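Please look over the sequence and the structure before reading on.

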Amino acid sequence: MISSLARRLPLLLAVGFFTAGPLLLFVGPANALNYTQTTRRNAGTPNSTISVKKDGKVVKYGNKYIIYKAPSSDLDALGEALYMENCASCHGAQANGVPANGTSGAFPDLVGLGPATIDFWVDSGRMPAKDVRAIEAPRRQPALTPNQALAISAWVNSLSPSYPDIPTPNLKNANVAEGAALFALNCAACHTIEGDGDALAFDTFAPSLRHIPAFQVVEAIRTGPANMPRFTGNLSDKEVDDIVQYVTTEIQHPNNPGGFGLGGLGPVAEGFVGLLLGVGILVLICYWIGERS
Ligand code: HEC
Ligand code: HEC
């Protein structure tokens, strides 16, 4: 009895090791869901090394990782006209969320959200909304051009100037390995590590990140659209730049290091395939070395 146990000890240890390891990995990410939210107004205000002023107003700020630029006030008049035509029916002529028929509360107040927020929602095709009853406005082919989106952000921002301005990340200074680690900690819980997106509670979902331009990834991180948290003080511009590099290279152009892509199903599914194969082989080994009586 003792001797047969001793004979099987290495095998038992091996089985324990291979089953407990993946289980611990599954439990780990739960701790990552601990976000710090800062106030929405002026969210993303940078700790800048560059700050350019014109007529007393900051028109450009940032550092070697991300430059944020205010849309030119020359666009205000065009923006106002476009806003009245495309947005006022829901968000109101003052952009305060009160439409002409007077009921406030049905649509968000846009005053003081900052140019990056307005630009993100228009440039990602979410606005003008197609279906006001949709639980989550989806990304669509934009109805307005990038310059029209900038013009609308310029006018809305002129009502109550705030940040963040429109970001341009400098990916030459980014570190993709650090981006991968930061993505795993801050984003993968919702978007999955492969960036394919996933369902969240109450019929909402975290979308796929496969076709999002770099500057919009910064806009999303800094402004937190809808159910996504805003990452402001807790991620520096360097860290955001690193994450964007990871999203626009490894996620958008994966090269599956170390073997098969397994259809890019994500670590849980791929781990499960590994587990199944591994356990299967172990069972065969057990059967082979086991006592037969
Ligand atoms: C048909 C009505 C409708 C129109 C037209 C419309 N919106 Fe919206 N907008 C909404 C609704 C509803 C939401 C909330 C959607 C959500 O949270 O998914 C929203 C959300 C937004 C948000 C996010 C606000 C926040 O607090 O995060 C922005 C920014 C925005 N709209 C800007 C615009 C702009 C700019 C236009 C014009 C180009 C526009 N919208 C046109 C209905 C509309
Ligand atoms: C709590 C879940 C959650 C976390 C964590 C999260 N996101 Fe999101 N993300 C969302 C949701 C939900 C949306 C869709 C918002 C909407 O309805 O407009 C979104 C939208 C986006 C978009 C816009 C995609 C599109 O279709 O236009 C990008 C880019 C993005 N997230 C990147 C990130 C990055 C990078 C991180 C980590 C720094 C992150 N997200 C963390 C839930 C999350």
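The notes below take the ligand shells in turn and then the backbone.

This is a predicted model, in which local features need pLDDT of at least 70 and side-chain atom pairs count only at pLDDT 80 or more, while totals for chains, interfaces and linings use all residues. Residues are numbered from 1 along each chain as its sequence is written, and chains are lettered from A and ligands numbered from 1 in the order in which they are written.

**Shell around ligand 1**
- Ligand 1 has 21 residues around it, and C87, C90, M127, P128 and A129 come nearest; a residue is near a molecule if its C-beta atom, placed from the backbone, lies within 6 Å of it.
- At least two shell residues come from each of α3 (88-91) and α4 (115-123), where helices are DSSP runs (H or I, at least four residues) and strands are E runs of at least two, both numbered from the N terminus.
- The helix that gives the most to this shell is α4, with 4 residues.
- By class, the shell around ligand 1 holds 16 nonpolar, 4 polar and 1 charged; Ala, Val, Leu, Ile, Met, Phe, Trp, Tyr, Cys and Pro count as nonpolar, Asp, Glu, Lys and Arg as charged, and the others, Gly among them, as polar.

**Shell around ligand 2**
- Ligand 2 is surrounded by 28 residues, of which C187, C190, A220, A226 and M228 are the closest.
- α7 (188-191), α8 (214-223) and α9 (237-251) each contribute at least two residues to the shell around ligand 2, and α8 gives the most, with 4 residues.
- The shell around ligand 2 divides into 19 nonpolar, 6 polar and 3 charged residues.

**Cis peptide bonds and positive phi**
- Most residues other than glycine have a negative phi, and most peptide bonds are trans.
- The bond from M127 to P128 is cis, with omega near -5 degrees; P128 sits in the loop between α4 and α5 (146-159), and both M127 and P128 are among the residues that come nearest to ligand 1.
- A95, in the loop between α3 and α4, has a positive phi near 60 degrees.
- A95 is buried because 25 other C-beta atoms lie within 10 Å; the cut-offs are 20 or more for buried, 12 or fewer for exposed and partly exposed in between, with C-beta atoms placed from the backbone.
- A226, in the loop between α8 and α9, has a positive phi of about 45 degrees.
- A226 counts as exposed because it has 11 C-beta neighbours inside 10 Å.
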